[in-house]
Amino acid sequence: MVKKILLIGGDGIGPEIMAEAVKVLAVLRGDGLALEIDEALLGGCAVDAENNPFPEATKTKALAADAVLLGAVGGPKWDVLPREKRPEKGLLGIRKALNLFANLRPAAVYPQLAEASTLKSEIVAGLDILIVRELTGDIYFGEPRGIDMRTVNGKQQRVGFNTMIYSEEEIRRIAKVAFEAARKRNKRVCSVDKMNVLETTQLWRDVFTEEAKHYPDVELSHMLVDNAAMQLIRNPKQFDVIATGNIFGDILSDEASMLTGSIGMLPSASLDENGKGMYEPCHGSAPDIAGRDLANPLAMILSTAMMLRYSLQSEAAAQCIEKAVVKVLDSGLRTADIWEEGMTKVGTKEMGNAVVQAMRG
Ligand code: IPM
Ligand code: MG
């Protein structure tokens, strides 16, 4: 059956890196992969065109697609807009609309890039961890929220408030994803919370502990988030799967990305209950380097591989892309973010072309 995919380039470097992913898809289509491809707007470009960061047409197309491939959204240009018009609202909106509750963010160190990390290479060499981040709950979506005038300490003043909230059901479904993922890896889940302070995360810990009984082959441990942030830098290889909520996952996944040398290398998948997903690099829209052929397209290209694996059931195509990326790194080509002495510095397009070449070769 022909699979439908929706491409959303977005803002900043998004369209540039998407163009390289499209080249990769063209090779696979040439080899017989049946794909129907559509495009849509999201984020700042959608605000510019339609005064809405998540237009109705994008929602309709995304709901109809088997998978969505996303570049990046956001940029300083739109920072002045009210909250509901901000590009991030588009991203959060599409995650919620598609019910993409399970965000998989692998952080693996390519042997070729072990020196690119700011940490000592012996700390990161061979690292392969997976962060499973809950993506549609927590303080990100909790109600009530806002900025109101209230009387505090006898004084009328502005008060900002958000609500951290998780239901048992939301925690259980992400726990299952984490345990299932661990089963295919090294069979260890470390659940990260702040149960010494926050009731929400006490429930998180309780539900993970309950759910672990259904996975006797997987070892569950618990860690407080402040300690986890420290342990990730001290000895990241102690982890296999890290499972955590939306806000802690946001922070820890940025931290974990730097263990690998560059956030420009990291793909991600956001999945619903049926394996439909949206795939995007972990990095943002990098407006400072947009339009200059400087961005590293590998996270985008590796996100494309994840899409083929998880939503399009094309494991062979996914591996073809991943092997090509390894070949290109072996050949010494590096974009600026991962460049080091003795390597060949290339731009976005040249990197994409090299991957295409390696897939053919
Ligand atoms: C991410 C990003 C988003 C998030 C922003 C852009 C809303 O930081 O995907 O990690 O916080 O989830
Ligand atoms: Mg983030």
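Biologist: How many strands does the open sheet have, and in what order?
Modeller: This is a predicted model, and its open sheet has 10 strands in the order 2-1-3-12-11-4-5-10-8-9. The pairing in the sheet is mixed.

Biologist: Which are the edge strands?
Modeller: Strand 2 (35-39) and strand 9 (219-224), since each of them pairs on one side only.

Biologist: And by how much are neighbouring strands turned against each other?
Modeller: On average by 20°, with direction ignored.

Biologist: Let's zoom in on strands 11 and 12. Do they pair in the parallel or the antiparallel sense?
Modeller: Antiparallel: strand 11 (residues 267-271) and strand 12 (residues 277-281) pair over five bridges.

Biologist: What stands opposite Ser 270?
Modeller: That's Met 278, in strand 12.

Biologist: OK, helices now. Which strands does helix 8 touch?
Modeller: Helix 8 (residues 225-234) packs on the sheet and touches strand 5 (128-134), strand 8 (188-193), strand 9 and strand 10. The direction of helix 8 makes about 105° with that of strand 9.

Biologist: What about helix 10, where does that pack?
Modeller: Helix 10 (residues 298-310) packs on the sheet too, touching strand 1 (3-10), strand 3 (67-72), strand 4 (102-108), strand 11 and strand 12. The angle between the directions of helix 10 and strand 11 is about 35°.

Biologist: Is Thr 244 buried or exposed, and why?
Modeller: Buried, because its relative accessibility is 0%, and the cut-off for buried is under 20%.

Biologist: Which residues does Thr 244 touch?
Modeller: Leaving out residues up to four places away in sequence, Thr 244 touches Val 132, Arg 133, Glu 134, Val 192, Trp 204 and Gly 249.

Biologist: Stepping back, how many helices and strands does the protein chain have?
Modeller: There are 12 helices and 14 strands in the protein chain. The radius of gyration is 21 Å, close to the 21 Å that the globule rule gives for 361 residues, so the chain is as compact as a globular protein of that length.

Biologist: What percentage of the residues count as buried?
Modeller: 52% of the 361 residues.

Biologist: And which contacts join residues at least 24 apart in sequence?
Modeller: I can give you the share: 75% of the contacts between residues at least 6 apart in sequence.

Note on methods: Residues numbered from 1 in each chain as written. Chains lettered and ligands numbered in written order. Predicted model: local features only at pLDDT ≥ 70, side-chain atom pairs only at ≥ 80, totals over all residues. Heavy atoms only, no water. Buried < 20%, exposed > 50% of the residue type's maximum accessible area, 1.4 Å probe, protein only. Contact = heavy atoms within 4.5 Å. Pairing = 2+ DSSP bridges. Helix = DSSP H or I, 4+ residues; strand = E, 2+ residues; numbered from the N terminus. Axes fitted to C-alpha atoms, helices over the stretch in contact; angles between N-to-C directions. Rg over C-alpha atoms; globule rule 2.2 N^0.38 Å.
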